Amino acid sequence: MSSILEAAFATVVFPGGLFALALGLFLKGMDRKVLARLQRRVGPPIYQPVIDIAKLLTKETLIPTTANELAFRLAPVLGLTGMLVAAALMPVAGVWNGVTGLSDLLVLLYLLPIPAMGLMLAGGASSSPYGSLGYSREMAVMFAYEMPLIASFLAVAVRTGGAAGPMLSLSGIMAYQIHHGALLLDPVMLPAVAALIVFIPGTMGSGLFDIAEAESEILEGPLLEYSGPLLAVFQLMSAVKLVVVLELVVALLCPNPIPGGVPANLVWHVGKCLLLLLVSVTCFRAATGRLRVDQGFAFFLKFTSPLALVSLCLAITLR
Amino acid sequence: MLNLINKLAGRSPWIYRINAGSCNGCDVEMATAALIPRYDVERLGCKYCGSPRHADVVLISGPLTLRVRDKVLRVYDEIPHPKVTVAVGVCPVSGGCFRDGYSVGANIDHYIPLDVIVPGCPPRPQAIIEGVLKAVGVWRARLEEGLCSHS
C-alpha cells in the first residue's frame with residue numbers, strides 16, 4: 001500500500017507532476033528574462049510562461065477540417081504524459097533516489113523521444129505542409145542527437161561500472177559519483193560532458209538547433225495549426241521536457257548533494273539546473289543563429305558523436 | 001478563477017502581422033518597433049508569432065488590394081477568438097496614396113472590424129506600441145464581456 005502511495009506522490013507532487021511543472025515554468029521564465037538582460041532589454045516577468053498558459057486557456061481551439069482530429073488532439077497529451085512519467089523517475093540528489101528498477105538510463109532512453117514523437121504526430125496530423133516539414137526536420141534532428149546521447153550514456157555507465165546495482169541505473173551512477181567525485185571533473189569524461197551539454201540545446205531546439213520549430217522559416221512547424229488549450233499543453237510539455245533533460249544531465253555529471261538536509265539540497269538541485277540552463281540554452285541561443293537541417297545533422301555526427309565515442313573508448317580501456 | 005485567468009490573459013498579447021498589399025514602409029516600422037531590443041515589447045508579454053492560430057493582436061498594414069483580399073480574409077478567419085485588430089498606417093482606413101487606384105477596392109473596415117487605428121505614413125514605432133497597448137485594453141473588455149455572457 002505504502003509503495004502505491006509513494007508512487008502516486010512521486011507522479012503527482014514530487015519530483016514529477018506539480019514540482020516538475022512549476023520548476024519547468026520557472027526555468028522557462030528565467031531563460032527568457034536572462035536572454036532579455038543579455039540583449040540589454042528589460043524582458044518579460046519571470047512568471048510570463050504562466051501568463052501565456054492562462055491566456056491560451058481563454059482562446060478558442062481551432063482544428064483544421066482536413067486534419068485527423070483524434071491524432072491532432074492526442075499528440076500534445078501524449079507528449080506531456082510521457083514527459084511527466086520521465087520527470088517522476090528523475091532522482092534528486094540528497095532528497096529522492098528515484099524508483100528502483102525504473103530510474104534507469106534504458107527506460108529514459110525510451111521516454112526521452114516521446115515529446116519529439118508528439119510533435120511529429122502533431123505535424124503529421126495537422127495536414128499542413130509546414131507541419132510535415134517540421135515533422136521531417138524533427139525526425140532528422142532526433143536521429144542526429146540520439147547517437148551521441150547513447151554513446152555518452154554508455155560512457156557514463158562504463159565509467160561508473162555498476163558501483164551499486166545494475167550498470168545503467170541512475171542510483172548506481174549517483175552513488176559512484178558521491179564516493180569518487182563528480183564525473184564533471186573527471187578528465188576521462190570531459191568529451192562526454194561536452195557532448196551531453198550540446199545535447200541539451202539540440203533536444204530543446206534552441207540556438208543552433210532551432211530547426212524543427214523555426215518560426216521565421218517554417219512558422220513553428222508542427223505547432224503551426226495549434227491554438228488555445230492544446231497549444232498550452234505543448235508549452236507545458238516543453239517546460240517539463242526541459243526539467244527532465246536538465247535533471248538527467250545533472251544526475252549523470254554532478255549529482256553530489258551538500259550537507260544541510262532536504263531543503264538545502266532542493267535549492268542546490270534547482271540551482272544546478274538553472275546554471276546548466278543558463279550555460280547550455282540561454283547564453284548559447286543568445287550567441288548563435290540557426291543551422292540548416294543538413295548542417296545541424298552533420299554537426300552532431302561530425303563533432304558531438306566522436307566526442308562521446310572518445311569518452312566511451314577511454315572509459316572501456318581504463319576500466 | 002476565471003476572473004483571474006482573464007486578468008492575466010491581457011498580459012500576454014501575441015502579435016501577428018498581415019500585409020494587405022502595403023508598400024512595406026509600415027512593415028519595416030513594425031519589425032523595428034517590436035523586434036529590436038531598443039523598444040523591447042517583450043516586457044509587455046508580447047511575442048511575434050509566425051502562425052495566425054497563435055495570435056491575439058493582429059496588425060494589418062496596407063490598403064487591401066484586390067489581389068490579396070480573399071487571402072487576407074481567409075487568414076483573418078484562421079485567428080482564434082477573442083482577437084483584436086490594429087490598423088497600422090493610413091492605408092487600411094483610407095487607402096492612403098493608393099486610394100482610387102485600379103488595384104484597390106473597398107477599405108479593410110468593410111470586411112474586418114478595426115478596433116484600433118494607428119495613423120501615419122508610416123507611424124512611429126512608439127505609436128505602434130501604444131496601438132498594441134490600446135488593443136490590449138479592447139481585448140480585456142472583450143474577455144470580460146465573454147465572461148458576463150457565459151455566466
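Guide: In chain A, A:Ala116, A:Leu119, A:Met120, A:Gly123 and A:Gly124 of H6(A) meet A:Gly131, A:Ser132, A:Gly134, A:Tyr135, A:Glu138, A:Met139 and A:Met142 of H7(A); contact here puts the C-beta atoms, placed from the backbone, within 7 Å. By class, this contact has six nonpolar, five polar and one charged residues (Ala, Val, Leu, Ile, Met, Phe, Trp, Tyr, Cys and Pro count as nonpolar, Asp, Glu, Lys and Arg as charged, and the others, Gly among them, as polar). This is a predicted model, in which local features need pLDDT of at least 70 and side-chain atom pairs pLDDT 80 or more, while totals for chains, interfaces and linings use all residues. Residues are numbered from 1 along each chain as its sequence is written, with chains lettered from A and ligands numbered from 1 in the order in which they are written.

Now the geometry: helix H6 (residues 114-125) and helix H7 (residues 129-160) of chain A pack at about 155°, their axes 7 Å apart (axes are lines fitted to C-alpha atoms over the stretch in contact, and angles run from 0 to 180 degrees between N-to-C directions; helices are DSSP runs of H or I, at least four residues, and strands runs of E, at least two, numbered from the N terminus). H6(A) is therefore roughly antiparallel to H7(A), the term for angles over 145 degrees. The crossing of H6(A) past H7(A) is left-handed: the near helix is turned anticlockwise from the far one by less than a right angle.

Beyond this pair, 20 residues of chain B are in contact with 27 residues of chain A. Helix H1 (residues 2-9) of chain B gives the largest share of chain B's side, four residues.

Note on methods: Angles under 35 degrees count as roughly parallel, over 145 as roughly antiparallel, 65 to 115 as roughly perpendicular and the rest as oblique. Two residues are in contact if their C-beta atoms, placed from the backbone, lie within 7 Å.
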